[in-house]
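This briefing sets out the main features of one protein model with its ligand. Please view the sequence and the structure together before reading on.

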Amino acid sequence: MRPSYKRAGLLLIILGHSVWNCILPATAMMSADLDAAKALAENQCATCHVIPEISTTGAEAAPTFVLLANQKTTGSWEELATILKSPHWPENGSPLSGTDIDNLIGYILSFTEK
Ligand code: HEC
């Protein structure tokens, strides 16, 4: 009896872990404050990035938020988290807080097309 209990326990831990890894980005996305992110994006990103409902013009070299959400190199929680940790916009170099980054990622990924 005992060994099989042990195995079941181990299996639960492994399963639980992988389920958690899938759920974690999803819950972070759900808890993202999209209104706060939209205001932040309007203030700090929209001069360069084209953003739905906010700006239709931007710097030519800057990808639109829709593109960011849908291209492979930027369209995931992990990629965006890495990118947004170091600001690339010179005139407003203040780094974003962790909460700002989470909110912005949720906001950008809300433009993901299926
Ligand atoms: C002064 C103009 C400017 C501002 C302001 C700006 N960006 Fe950008 N951004 C760019 C340009 C130009 C690029 C493309 C070149 C590059 O990747 O650095 C870019 C690229 C990006 C990328 C993709 C980077 C990559 O590695 O592919 C992300 C994500 C991004 N911006 C997010 C943001 C967010 C979020 C904000 C606001 C908090 C913001 N940007 C503000 C000009 C700007």
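From the N terminus on, the elements of the protein run α-α-α-α-α. There are five helices and zero strands. The model is predicted, with a mean pLDDT of 83 for the protein. The points below cover confidence, the ligand shell, the nonpolar core and several individual residues.

**Confidence and overall organisation**

- A pLDDT of 70 or more is reached by 70% of the residues of the protein.
- Confidence is lowest in helix α1, residues 2-31, where the mean is 55.
- Confidence is highest in helix α3, residues 65-70, at 98.
- Where pLDDT is low, the predicted coordinates should not be read in detail.
- The protein has 114 residues, of which 16% count as buried.
- Of the contacts between residues at least 6 apart in sequence, 54% join residues at least 24 apart.

**The shell around the ligand**

- The ligand is surrounded by 19 residues.
- The closest of these residues are Cys45, Cys48, Ala61, Ala62 and Trp89.
- By residue class, the shell divides into 13 nonpolar and six polar residues, with no charged residue.
- Helices α2 (34-44) and α4 (77-85) each supply at least two residues of the shell.
- The helix that gives the most to the shell is α4, with three residues.
- Cys45, one of the closest residues to the ligand, lies in the loop between α2 and α3.
- Cys45 counts as buried because 22 other C-beta atoms lie within 10 Å, and the threshold for a buried residue is 20 or more.
- Cys45 and Trp89 are both among the residues closest to the ligand; they are 44 residues apart along the chain, and their C-alpha atoms are separated by 8.3 Å.

**The largest nonpolar core and helix α5**

- The largest nonpolar core has 14 residues, and those touching the most other members are Ala41, Leu104, Ile105, Tyr107 and Ile108.
- Helices α2, α3 and α5 (98-109) each supply at least two residues of this core.
- The greatest contribution to this core comes from α5, with five residues.
- In soluble globular proteins, nonpolar side chains tend to be buried together.
- Helix α5 has 12 residues and reaches 16 Å from its first C-alpha to its last, close to the 16 Å expected at 1.5 Å a residue.
- The buried residues of α5 are Asp102, Asn103, Leu104, Ile105, Gly106, Tyr107, Ile108 and Leu109.
- Tyr107 is in contact with Ala32, Leu34, Ala37, Lys38 and Ala41, leaving aside its neighbours within four places in sequence.

**Asp35 in helix α2**

- Asp35 is found in helix α2.
- Asp35 counts as exposed because 10 other C-beta atoms lie within 10 Å, and a residue with 12 or fewer is classed as exposed.
- The C-alpha atoms of Asp35 and Asn103 are separated by 8.6 Å, although the two residues are 68 residues apart along the chain.

**Phe65 in helix α3**

- Phe65 is found in helix α3, the helix with the highest confidence.
- Phe65 is buried, since 25 other C-beta atoms lie within 10 Å.
- Not counting residues up to four places away in sequence, Phe65 touches His49, Val50, Ile51, Pro52, Ile108 and Phe111.
- Phe65 and Leu109 are 44 residues apart in sequence, with a C-alpha to C-alpha distance of 8.5 Å.

- Val50 is found in the loop between α2 and α3.
- Val50 is partly exposed because 18 other C-beta atoms lie within 10 Å, a count between the limits of 12 or fewer for exposed and 20 or more for buried.
- Val50 touches Ser55, Thr56, Thr57, Gly58, Thr64 and Phe65, not counting residues up to four places away in sequence.
- Val50 and Glu60 are 10 residues apart in sequence and 9.4 Å apart in space, C-alpha to C-alpha.
- Glu53 also lies in the loop between α2 and α3.
- Glu53 counts as exposed because it has 7 C-beta neighbours inside 10 Å.
- Phi of Glu53 is near 70 degrees, which is a positive value in a residue other than glycine.

Conventions:
Residues numbered from 1 in each chain as written. Predicted model: local features only at pLDDT ≥ 70, side-chain atom pairs only at ≥ 80, totals over all residues. Near = placed C-beta within 6 Å. Helix = DSSP H or I, 4+ residues; strand = E, 2+ residues; numbered from the N terminus. Nonpolar A, V, L, I, M, F, W, Y, C, P; charged D, E, K, R; others polar. pLDDT = per-residue confidence, 0-100. Contact = placed C-beta atoms within 7 Å. Core = buried A, V, L, I, M, F, W, Y, C linked by C-beta atoms within 7 Å. Expected span 1.5 Å × (residues − 1).
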